[in-house]
Amino acid sequence: MTRILVTGGAGYVGAVSVEAFLAAGHDVVVLDDLSTGHRSAVADGARLIVGDYTDRATAAAVFAEESIDAILHCAARSLVGESIEQPARYFGENVGGGIGFLETARAAGVMRFVLSSSAAVYGVPDETPIPEDAALRPVNPYGESKRSLEAAMAWYGRAYGMRSVSLRYFNVAGATDDIGEDHDPETHLIPAILRSVEAGRTVTIFGGDYPTRDGTNVRDYIHVADLADAHLRAIEATGSTAGDGHDGEGLLVCNLGNGDGFTNLDVLRAAETVVGRSIPHEIGPRRPGDPPTLVASARRAADVLDWHPQRPNLEEMVGSAWAWRQAHPGGYAD
């Protein structure tokens, strides 16, 4: 049994990962300031500590009191548009706060670290599907902040022997029985479409003139439960010593994805199938910093982590999200 600290464990991705860790028999502590997460999303069996990971005194106290073995770091500012408007916030929290947290972990002797990263580190890629050794050219401060923290992780591996994994994933979607997306504002396409259906509003698709098959963005979607499984496998890899794919500096980087891309209009049509009716929509302007196509090559995750998406069907992802919304009208109680 591993005692795992999950930062951002009251958020969408973090909370589903907490579920997966508990189901695998691990002990879980959640550190979340609840600024965007939900207290009721934290599964029974996990201990919730309300606090900010960027506060080094708070993080040091958690490490001192909780006997942490490994960390899943999900907490971060993650809105592309906001990052362009407020780069200081993203570099201050995601980079400055993230490196401070990494150093606090090292000082406490916690040398196993998994970062929930992003395909935003690639920017506009030269090839598709994108391999992990593709050039890193982020086109927004959010992606740049993830790249910067990954670089620190690599150097911490070289200098101090920290073993870390960075999982670069693309669009995550879907829900489990108990956990779904409930953001304010909601910037992710699938829950935004479903909210519009519930409210009887027209859906806005941002950008209709991209160089794609129907003019809308192409993204590689994975189910949130498959992402949680990858987080579990990554945590286990940091505790391994042989054949785990680390690059000699203690850092393993893996893309996660289905290997197939879906356009925004594909997502809209899948939602129409799930809800059983047409959904009014309009094409709006592009969002700043949005690359046309992001599709992953997840071969390394398959080879090294033995990770394969178990729920690759887009309608299944949308269907599980819709089922969660129907079972939780209004989202989380808190």
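In the loop between β2 and β3 (47-50) lies L34, whose phi is near 65°, a positive value in a residue other than glycine; helices (H or I, at least four residues) and strands (E, at least two) are DSSP runs, numbered from the N terminus. The structure is a predicted model, in which local features need pLDDT of at least 70 and side-chain atom pairs count only at pLDDT 80 or more, while totals for chains, interfaces and linings use all residues. Residues are numbered from 1 along each chain as its sequence is written, and side-chain values use heavy atoms, with hydrogens and water left out. At 22% relative accessibility, L34 counts as partly exposed, where buried means under 20% relative accessible area, exposed over 50% and partly exposed in between (1.4 Å probe, protein chains only). A positive phi, of about 50°, is also found at S67, although S67 is not a glycine; S67 belongs to the loop between α2 (56-66) and β4 and is exposed, with a relative accessible area of 53%.

Cis peptide bonds occur in other loops. One joins T128 and P129, with omega about -5°, and P129 is placed in the loop between β5 and α5. The bond from D184 to P185 is likewise cis, with omega near 5°, and P185 is located in the loop between β7 (171-173) and α6 (189-199).

In soluble globular proteins, nonpolar side chains tend to be buried together. When residues up to four places away in sequence are not counted, the contacts (heavy atoms within 4.5 Å) of L256 include L167, F170, I222, L227, A230 and W307.

A search of the whole structure finds 18 salt bridges, each defined as a side-chain nitrogen of Lys or Arg within 4 Å of a carboxyl oxygen of Asp or Glu. R77 and E93 form one of them (3.0 Å, N to O); because R77 lies in the loop between β4 and α3 (80-85) and E93 in helix α4 (residues 87-107), the pair ties together parts that are 16 residues apart in sequence. Another salt bridge links R300 and E132 (4.0 Å, N to O), and since R300 lies in helix α9 and E132 in the loop between β5 (112-116) and α5 (141-160), this pair ties together parts that are 168 residues apart in sequence. R300 is partly exposed at 32% relative accessible area, whereas E132 is buried at 11%. Within helix α7, R233 and D229 meet in a salt bridge (2.9 Å, N to O), and being four residues apart, they are separated by about one helical turn.

Helix α8 (residues 264-275) packs against helix α10 (residues 314-327) at an angle of about 55°, with their axes 9 Å apart. Residues that meet at this packing include D266, V267 and A270 in α8 and L314, V318 and W322 in α10.

Definitions and conventions. Axes fitted to C-alpha atoms, helices over the stretch in contact; angles between N-to-C directions.
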